[in-house]
Amino acid sequence: MHVTKFITLAVILVLISVFAVGQQAPAQNPPSVKHVPITHTPSNSGKEMFNSYCAVCHGKDGKGNGPAASAMKTPPTDLTLLAQKDGGKYPAAHVSAVMKGQASTPSHGSQDMPVWGPLFSSISQGHESQVQQRISNMVNYVESLQAK
């Protein structure tokens, strides 16, 4: 009689354990950033370039909330606060230098965040004036995103 109760109790504990293990959520892979080749976007539209190249991390609103932001080691900068963080003056020269790879930021130039100057050069087939136009239009568009 005691053996039957013991076996019944053991079976119930095993079934509960199996059920509990089966209910656990499957292990989730950490989010990752998918690296894809740069595509050609017209150089005359800062907004189009921003949406194609920057919004995936910085978000379409520039606040650092893009779909890939959660996979970044360093959270993307809230680009709408650049002027506010620089005493109310938009740091156009610094933004341009970051895009060209001439100034460092936590993410730009890392594997997560590319330096755009060389990539713009590759899609502009080395035409420096077009690279400068791209960077200038992108800098101007980011300026338009500044918080008022």
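From the N terminus on, the elements of the protein run α-α-α-α-α-α, which amounts to six helices and zero strands. Helices here are DSSP runs of H or I with at least four residues, strands are runs of E with at least two, and both are numbered from the N terminus. The model is predicted, so local features need a pLDDT of at least 70 and side-chain atom pairs count only at pLDDT 80 or more, while totals for chains, interfaces and linings use all residues. Residues are numbered from 1 along each chain as its sequence is written, and side-chain values use heavy atoms, with hydrogens and water left out.

Mean pLDDT, the predictor's confidence in each residue on a scale from 0 to 100, is 78 for the protein, and 66% of the residues reach 70 or more. Confidence is lowest in helix 1 (residues 2–23), with a mean of 57, and highest in helix 3, with 96. Of the 148 residues, 35% count as buried, where buried means under 20% relative accessible area, exposed means over 50%, and partly exposed lies in between (1.4 Å probe, protein chains only). Contact means heavy atoms within 4.5 Å. Among contacts between residues at least 6 apart in sequence, 48% join residues at least 24 apart.

Helix 2 (residues 46–58) is not straight. A kink of about 50 degrees is centred on Ser52; the bend at a residue is the angle between axes fitted to the seven residues ending there and the seven starting there. The end C-alpha atoms of helix 2 span only 14 Å, whereas a straight helix of 13 residues would span 18 Å at 1.5 Å a residue. The expected span is 1.5 Å times one less than the number of residues. Buried positions in helix 2 are Gly46, Met49, Phe50, Tyr53, Cys54, Ala55, Cys57 and His58, and their cover includes helix 5 (116–123) and helix 6 (128–144). Gly59 follows helix 2 with a positive phi, near 85 degrees.

Beyond this glycine, the loop between helix 2 and helix 3 contains Gly64. Gly64 is buried, at 14% relative accessible area. Leaving aside neighbours within four places in sequence, Gly64 is in contact with Cys57 and His58, and also with Ala69, Pro76, Thr77 and Asp78. The C-alpha atoms of Gly64 and Pro76 are 4.8 Å apart, although twelve residues separate them along the chain.

The loop between helix 3 and helix 4 holds Pro91, which counts as buried at 15% relative accessibility. Not counting residues up to four places away in sequence, Pro91 touches Leu82, Ala83 and Asp86. Its C-alpha lies 8.7 Å from that of Glu143, 52 residues away along the chain. Tyr90, with neighbours within four places in sequence left aside, is in contact with Leu82, Ala83, Val95, Val139, Val142, Glu143 and Gln146.

In helix 4, the buried residues are Val95, Ser96, Ala97, Val98 and Met99, and what covers them includes helix 3, helix 5 and helix 6. Val98 has a relative accessibility of 8%. Val98 and Gly117 are 19 residues apart in sequence and 8.9 Å apart in space, C-alpha to C-alpha. Helix 4 is followed by Gly101, whose phi is positive, near 90 degrees.

Helix 6 has 17 residues and reaches 24 Å from its first C-alpha to its last, close to the 24 Å expected at 1.5 Å a residue. Its buried residues are Val131, Arg134, Ile135, Met138, Val139, Tyr141 and Val142. Seen down the axis of helix 6, these residues fall within an arc of 165 degrees, so they line one face of the helix. The arc is that of the directions from the helix axis to the C-beta atoms. An α-helix has 3.6 residues a turn, so residues three or four places apart point the same way. The cover over the buried residues of helix 6 includes helix 2, helix 3, helix 4 and helix 5.

The packing can also be followed through the largest nonpolar core. A nonpolar core is a set of buried Ala, Val, Leu, Ile, Met, Phe, Trp, Tyr and Cys residues joined through side-chain atoms within 4.5 Å. Of the 21 residues in the largest one, Phe50, Tyr53, Tyr90, Met99, Phe120, Met138 and Val142 touch the most other members. Helix 2, helix 3 (82–85), helix 4 (92–100), helix 5 and helix 6 each supply at least two residues of this core. Its largest share, six residues, comes from helix 6.
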